[in-house]
Amino acid sequence: MIIEPQRALADIRIRVQRELTDFLAEQTQYLGEVGSELIPVAEAINAFLLERGKRLRPLFAYCGYLAAGGRDDDPIIRAVASLELLQACALIHDDLIDGSDIRRGKPSIHRQFEGIHRMEELSGSATSYGASSAILLGDLALVWSDQMLHRSGVTDAALIRSLPVHDEMRVELMAGQFLDIHEQALATTSVARSLKIARYKSGKYTIERPLHFGASLAIADPHVRETFIDIYSEFGLPLGEAFQLRDDLLGVFGDPATTGKPAGDDLREGKRTVLMAMTHDRADAKEETIIAKYFGDPNLDQAGVDLLRTVIADTGAREHVEDLIEKLTLTALDALNRDEIEPSAHALLDELASIAVRAN
């Protein structure tokens, strides 16, 4: 019986959620045994991970595993679910770095713990308490991602094959994060540099490396594995860039009910995205004056957001980014037209590509 790709992906997502729930229940119990003071830590990470999330990284990893000839296996589900903990680490730290107040429609972790400090009338600085808590919770999520992978139950051989990819993925993520903050400090308007950041900060660890991770879990033969690594790079790199470009557009034009963040948040933070670099390239003197006045203003109100949105649209940057997303997505999909891809998994990767670049 052929299962619709949407239904199959929904089933994988449910299984990933179940594994995360079980793992976090064990860790919550452990933290509670260490001390009752750690209960808010466990509750915060549980809520952060379990209440929302598309689970794109585990989905790409598991579909990459299936497309490379892997057979349905609960330990592999547990292994790929660990990538959500890596994602949690990245998001918690990213919100702190950016000074973001909201994540997924709720206070970001550092703001949440600031609130706990004030509510309980603790000593010292609430801001420092919140920042310190976010650093430690992000680090804890990173440690837990390793624990979940190592305890997943995959064979020793599969685990050993996957670790180099897993390590490289984490290094690239941290490198991309630094490139992002460095670019903010340089205040450049380079499209090429912004594309590089998009690739390393988000694209590679969202799509390409999870696919490589799945292939490494599935394939013992190094020559066959290398073939799939190449195919997945041809598919994953352009799709990863398209994914980040969509995220850039949503950061400016997205509906807060969908994005979980205030409208125009990237404009307040002064994010040096490809969208803004293209806007700078096309702006006239009057438009540059508006950008200089409003872009990066942490107190930017809705009127200022609307002015910047108008400039971005009038320069043609928004339309150009939409065109680029479409071209990158088509390039990615062309890479899947290979006999090596398991036919039953081809439709899953097609559907995932659509989800990754969807405008809502």
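Which residues of the largest nonpolar core touch the most other members? I looked this up first. Of its 103 residues, they are Phe60, Tyr232, Phe235 and Leu267. I took a nonpolar core as a set of buried Ala, Val, Leu, Ile, Met, Phe, Trp, Tyr and Cys residues joined through side-chain atoms within 4.5 Å. Buried is under 20% relative accessible area, with a 1.4 Å probe and protein chains only. Helix H10 (residues 222–253) gives the most to this core, ten residues.

Note on the model: it is predicted, local features need pLDDT of at least 70, side-chain atom pairs count only at pLDDT 80 or more, and totals for chains, interfaces and linings use all residues. Residues are numbered from 1 along each chain as its sequence is written, and side-chain values use heavy atoms, without hydrogens and water.

Next I listed contacts of Leu267, setting aside neighbours within four places in sequence. Among them are Val252, Met276, Tyr294, Leu308 and Ile312. Contact means heavy atoms within 4.5 Å.

Then I turned to a helix pair. The axes of H14 (residues 285–294) and H15 (residues 302–314) come within 10 Å and cross at roughly 140 degrees. Axes are fitted to C-alpha atoms over the stretch in contact, and angles run from 0 to 180 degrees between N-to-C directions. Helices are DSSP runs (H or I) of at least four residues. From H14, Glu287, Ile290, Ile291 and Tyr294 meet Gly304, Leu307, Leu308, Val311 and Asp314 of H15.

Last, I checked Gln87 in helix H5 (residues 83–98). Gln87 counts as buried because its relative accessibility is 9%. Beyond four places in sequence, Gln87 is in contact with Arg57 and Tyr205.

How values were computed. Helices (H or I, at least four residues) and strands (E, at least two) are DSSP runs, numbered from the N terminus. Buried means under 20% relative accessible area, exposed over 50%, partly exposed in between (1.4 Å probe, protein chains only).
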